[in-house]
Structure formats: structure tokens, C-alpha cells
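Please look over the model below before reading my notes.

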Amino acid sequence: MKQAPTLGQLFVQGLSPHPIPFSHLINRIPFSVALLDTSKRVVFMNRSLEALAGISSLEARGIACRHILRSNVCGASCPLESMHVDTEPICREGDIIDRNRERIPVRVSFAPLVDIQGNLAGWLECFEDLRATQAQDPLRNEAYTFGPLIGRSPQMEHLFQMVPGIAQTDSSVLITGETGTGKDILAEMIHQHSARSKGSFVKVNCGALPETLLESELFGHRKGAFTGATENKPGRFKLAHNGTLFLTEIGDLPLSLQVKLLSFLDDHVIYPLGSTKGVYLDVRIIAATHRELQAMVQEGKFRQDLLFRLNVVRLQLPPLREREGDIQLLLQHFLDLFTEKFQKDIRGFSRESRQFLLQYPYPGNVRELRNIVEFAVNICTGNTIEMRHLPAYMFEQSTEQTGVVEGLGRDQTTTQTESEKTTALSWPDMEQQMILEALYKAKGRKSKAAEILGWGRSTLWRKMKQYGIDK
């Protein structure tokens, strides 16, 4: 007597006399799909949705959908609350928050699943990533922009002209530049403007995980490959099939994994841990680093042959201090962004604060400028941002041109002697202060502090460990 098909089996009349694995079928669908039970708990997520949300189907199983996808259409406005077995599928636009706490605009379709008896068996949710669509929104296509990237300096205009053509190829790309220059954003823009935009954009921070975990995270593993490997895991390479794999902080990739990455670039085949059978994958590689890889090659910390393979197309993002005219443009952009976000009536910067901000060196580049404006808009109670609304750490930096900084909006004028000029804080010192200030404002909550800094949680934890900040 035949048993009823389980979740892992699907019988298709006339296609095959044998059961077809359900997961094999739904993973081939080029859309992000979630299957929920009648209590709106996750039963299954296909690989496309795993890549979008940054969480595996196994981890999500049995957890309420709203805790996994964290969409703004959840809660009281959840469409499933008003749907029943006879309801036609409905569509809503909103956003989800992925595992890296990044907001992703999506279009979601909801539909009931009905068994052969006519009873409600669960729910089907399909997600369409709208980032590419919104990046092409005419309201966002202002002068001096390329998606979220903004600039009118000659370096940025040249970059904007190059990227669309580069995006249409499958060549490996190496993005270099100081921290905070926008390497992650540029990588995603290359993906969104490519023929792979319907595929997944999967990001891996090579410095965020120890080598043993990173190998499994990248290449996957087979059940029983090591203690605790109770299920097969596809790995980030497999999740990025037909899409783009973005390896940020590539300079932190261990040498043993550099060999495996080089092998993949040669033949596009990976070998999951515990498996001797190779898997062919169609994945484009984009890597990014703030390190001098050529110097690391000389020190024996990075493979020269891997550098050659990654360096097919090299894009250099200039530091903000070298982008003539862009600081003014970015100050106004982020002021408009955060005044609208926080619903504040702030009309601009005072003459003193604007002049100070235009002359500041921004060692943290665009990310630091964004954080400064967000901080100022948060604490400003009037309609003009004054010097007193800027982060305190900025006034501890030495100036090169003057020994006296006047009009700081403080109770006293700050005077700098020649000896004080020579004690300017380095970027690591400044970064530590930024982290401590954010932790103070967040009352010790690391997730909130990461949000204030505009970082992912893993980035904050890694930098806290680097600087020996325990709390």
C-alpha cells in the first residue's frame, strides 16, 4: 500500500513513477518561496529565500514567519489574518530585515494551501527582491548618482561611466579602497545592473568567522562530515548559483581557503566538506578589501596567483578627502535623508558647522560622514545644526592649518599648541572612540550600537575584539 507523500516527496502524474524530492523541485524555482503551516510557522524555505534572508531553511523551521523575515507587513497588518481557503492570492509591497539587519524592499504574494479535502493546510509566500527596481526609480536617478552611490568628483564620474559596462560581463572584480568608502554598495550595484540581477547576491565577510566555520559557510558540508553536522548544508557558493558571491575583507581569507577559492575560479567546481564529488556552480566573484594585497603577497600572507585571478577588473574607490566637491553634496543628501526619516524640521547647517565639516578629513570616509549627520540630526532640537550638535570626538582631532579653533559652540574656545598638533589620534583610536560612544548611547546594547554606527553586528563584534573592548 502506497503511503501519502511527505514534505520531502512530491508525486507528479505522468512525469516519473518514483517520488520526486520536494526540495529539489522548489529550489529550482527562480523566486524566493516560503511554505508555512496553519500557525504561520516556517516549514520550508527554498535556496533563493535562504540567500535573501541570510538564514537556512533548517534554522528557520518551526519558527513563526514574522520572527524570520521581520517584514513591515507582519503583525496586525498580516494579510494571512484575513485570508481563508477560498481567498485568491494577494500581493503587497513592503520590506524585510535580513540576518545582517539590512532592510530589503520586496513584493510579497500570499496564497492559501488547500488539501484534497478542501481544508486549509498552510500558506505559500513568494518574495520578489525590489532593490534593482528601486535603484532605477526615476526619483532616485538624480544627477551625480549611481544607485545609492553619490558623487560629482571626476573620480566618481569616471567610476559611474565604467560600472554599467563591467556589470554586463562575468569577469571577476576586485574593489579596493579605504574603510567606509562604499565598497559593499558598489559590489551590489554591479550585481543589480548585471544579467544576474534575478539571481542571488550573497555576501560573506571573510574576517568575521574562524577558518573552521568559514570553510563550511563558504563551501557547505555533508551530513556527518564533522561532529554536529547532522544535516547537509549547501554553503554560500551554492546559494549564489546563477548570481553573485561577494567576498568582503578578502585579505582576511586564510591561505588554505585561498587555495580552494583559486581552484573554483579555475573550474567553477566546489567540494563540500565530507564529499569527494565536485559540484559545478555558475557564480560570479566580486571581492573587496581595504588592505594592500600586493604587500601581503610579498609578506607571504596572500597568494599571488589568486590576486591575479581576482584582479581581472579592479575598481578603486577614492577616499572622501580626495573627492573634490563631494562632501558638500553628501552633507546635503544625508541631511535630507535623516530629517525626513526622523520627521524633523532642520533646514541646514550653521556657517561655522558647515565650514568645519567641509574641512574635516573624514578618516572613516562616507560611512563616517553619514554617521556624523545622523548623530547631529538626532540631537538637534532647533532648525539649524550648530557646532555643539556634532560628535565630541571630532573636536579632539588636530587641525593642520590653525592653532585656534573658534566658534565651536562650546563654553570655551579650544586652543591647540604646536605640541598638541603632533598628537593627532590615528584612525584606530578614533574608531575605538566611535564604538565607545555608540555603546554609551545604546546603553550597552551591541545590536543598537551597530545600528548607530551603520555596521553589521558581526563587524561591531569583530572590531570590539580587535580593540579589546569587552563591554
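Predicted model: local features only at pLDDT ≥ 70, side-chain atom pairs only at ≥ 80, totals over all residues.

1. Residues are numbered from 1 along each chain as its sequence is written, and side-chain values use heavy atoms, with hydrogens and water left out.

2. Five strands form an open sheet in the order 4-3-7-6-5, with antiparallel pairing. Strand 4 (42-45) and strand 5 (90-97) are the edges, and each pairs on one side only. Strands here are DSSP runs of E, at least two residues, numbered from the N terminus. Two strands pair if DSSP finds at least two bridges between them.

3. Now take strand 3 (residues 32-36) and strand 7 (residues 120-129). They pair in the antiparallel sense over five bridges. L35 has L124 as its bridge partner in strand 7. L36 stands opposite W123 in that strand.

4. Strand 3 also pairs with strand 4, again antiparallel, over three bridges. Here L36 stands opposite V42. The hairpin of these two strands has five residues between them, and K40 takes a positive phi near 65°.

5. Is strand 3 enclosed or open? Five of its five residues are buried, so strand 3 is largely enclosed by the rest of the structure. Buried means under 20% relative accessible area (1.4 Å probe, protein chains only). S32, A34 and L36 point one way, while V33 and L35 point the other.

Definitions and conventions. Helix = DSSP H or I, 4+ residues; strand = E, 2+ residues; numbered from the N terminus. Buried < 20%, exposed > 50% of the residue type's maximum accessible area, 1.4 Å probe, protein only.
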